[in-house]
Protein chains: 2
Amino acid sequence: MKDTYQFTKANVDETCDAVYDYILAYVNANGYAPSVREIGRGVGLKSTSTVYGHLKRLVSQNRIEMTEGKRRAIRLVDESELTEAAHDEIPLLGTVTAGVPILATENIEAMLKLPQETYASTEDMFALRVRGDSMVDAAILDGDIVLVRKQSTADSGEIILALLEDEATVKTLIRNDDGRCHLQAENAAYADIPFESEDCKILGVVCGLLRFRV
Amino acid sequence: MKDTYQFTKANVDETCDAVYDYILAYVNANGYAPSVREIGRGVGLKSTSTVYGHLKRLVSQNRIEMTEGKRRAIRLVDESELTEAAHDEIPLLGTVTAGVPILATENIEAMLKLPQETYASTEDMFALRVRGDSMVDAAILDGDIVLVRKQSTADSGEIILALLEDEATVKTLIRNDDGRCHLQAENAAYADIPFESEDCKILGVVCGLLRFRV
DNA sequence: GATTAAAGCGAACACACGCTCTTTATTATT
DNA sequence: AATAATAAAGAGCGTGTGTTCGCTTTAATC
């Protein structure tokens with residue numbers, strides 16, 4: 001009868017997820033939950049009843065809780081999804097010296113919360129577990145987690161994360177007098193590794209370390 | 001004129017703090033902020049305008065933020081006060097080898113957030129910044145932060161925090177064959193320290209390490 | 001005792017917002 | 001093509017709730 005109706009019927013689950021995601025983003029941005037109308041506006045639903053239906057679905061899925069009658073009384077069941085500390089968190093990407101191109105796979109094992117204000121920016125940082133004893137004289141032990149700042153250059157003497165033929169490794173970068181470089185393990189038992197920039201690459205600089213023992 | 005009035009005039013700051021604490025507790029309990037009337041009921045104020053006044057004061061103190069017109073639109077500026085991560089946080093108490101009885105003063109410099117689920121319990125843990133190079137061979141450098149689990153006994157070979165005549169220090173505990181103990185620095189330049197239990201005490205065992213460099 | 005400012009009370013207004021009911025369009029089923 | 005089920009629209013009621021205003025009490029100052 002009316003041609004004001006002009007919507008394509010969407011999949012429930014997808015719309016429901018969209019509602020949930022909007023709530024999540026809204027809480028992160030504002031610190032409190034959105035109203036039903038705000039959610040509708042945010043996900044492109046014009047009727048409050050439609051949104052309300054989705055909310056009730058989310059409740060029955062146990063993803064949110066609502067208190068009847070109260071305004072904006074939405075609580076997220078899984079509050080850990082709040083990015084509350086989106087900064088100050090860096091991803092743990094795996095273990096060094098495993099023969100995989102780590103940064104490519106972006107296989108996030110976990111997010112590490114760092115103490116606030118330790119670093120000015122943690123945006124281009126990530127963490128890696130270290131396997132092996134090649135850096136013990138630099139006080140990096142087997143099993144330690146190193147914090148790495150992503151960058152493609154480094155000074156002589158800095159401990160870097162280097163890529164050698166698809167294999168990542170932590171070593172000290174030494175610039176020789178003849179202009180060439182080599183990688184130096186901090187353990188007398190290991191030999192230096194020539195660093196030829198063809199298949200070698202600086203992935204970042206080690207700027208921190210975490211060690212957790214029982 | 002009326003004898004219905006029956007209140008004792010309280011200090012503003014105290015009442016203000018009470019309002020803030022109530023909001024904090026409410027958000028922790030419910031996941032969303034309380035209404036003005038709920039706050040009043042919670043802290044014992046009968047008029048919404050009184051509560052509203054305190055809220056405006058909290059806003060001007062930059063402890064909360066409010067969006068005008070919206071319901072329950074209170075955001076806590078310092079969201080870290082939410083108990084959500086009350087565990088997994090340990091206090092940084094100071095620097096070792098400063099000649100003060102550290103644990104007694106309980107001088108908390110900062111709270112360190114540890115990655116979740118690293119330790120079963122962080123209840124009896126604290127952190128200390130290490131000064132000196134006496135433990136470099138155990139991969140503990142000057143400036144590192146050690147994580148210590150409070151306990152009064154330790155096995156031979158464990159790295160402990162010991163109290164020597166009002167001075168705290170990090171060393172390896174060695175139990176000799178004759179039943180006596182000594183403290184051993186992990187640096188050839190330092191001599192062993194006899195450990196006589198009269199004025200020596202085990203404060204805890206080192207169970208982790210953080211290193212942050214620029 | 002008079003004055004003044006701070007803290008609180010109580011009522012009232014206005015509207016944001018939860019929630020329901022009915023209608024319409026879309027998709028699937030027979 | 002007819003029927004049923006689903007997703008959304010749209011209007012609307014009731015009320016929870018922010019916000020203001022004016023008045024009272026308390027406590028400090030003069």
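**How chain A meets chain B**

Q: Which residue of chain A forms a salt bridge with B:Glu38?
A: A salt bridge is a side-chain nitrogen of Lys or Arg within 4 Å of a carboxyl oxygen of Asp or Glu. Here the closest N and O atoms are 3.0 Å apart. The partner of B:Glu38 is A:Lys70.

Q: What kind of model is this, and how are its residues, chains and atoms treated?
A: This is a predicted model, where local features need pLDDT of at least 70, side-chain atom pairs count only at pLDDT 80 or more, and totals for chains, interfaces and linings use all residues. Residues are numbered from 1 along each chain as its sequence is written, chains are lettered from A and ligands numbered from 1 in the order in which they are written, and side-chain values use heavy atoms, with hydrogens and water left out.

Q: How many salt bridges are there between chain A and chain B?
A: Side chains of opposite charge can pair when their charged atoms come close. Over all chains, the search finds 16 salt bridges. Between chain A and chain B the count is 2.

Q: Which strand of chain A gives the most to the side that touches chain B?
A: Strands (E, at least two residues) and helices (H or I, at least four) are DSSP runs, numbered from the N terminus. α1 (12–30), β2 (74–76), β4 (110–113), β6 (145–150) and β11 (200–212) of chain A each supply at least two residues of that side. The top giver, with 6 residues, is β11(A).

Q: In β11(B), what is the bridge partner of A:Arg211?
A: Two strands pair if DSSP finds at least two bridges between them. β11(A) and β11 of chain B pair in the antiparallel sense over 5 bridges. The partner of A:Arg211 is B:Leu209.

Q: How many residues of chain B are in contact with chain A?
A: Contact means heavy atoms within 4.5 Å. Chain A brings 37 residues to the meeting. Chain B brings 38.

Q: What area do chain A and chain B bury between them?
A: Buried area is the accessible area (1.4 Å probe) that two parts lose on being put together, summed over both. Of this area, 52% is on carbon and sulfur atoms. The total is about 3100 Å².
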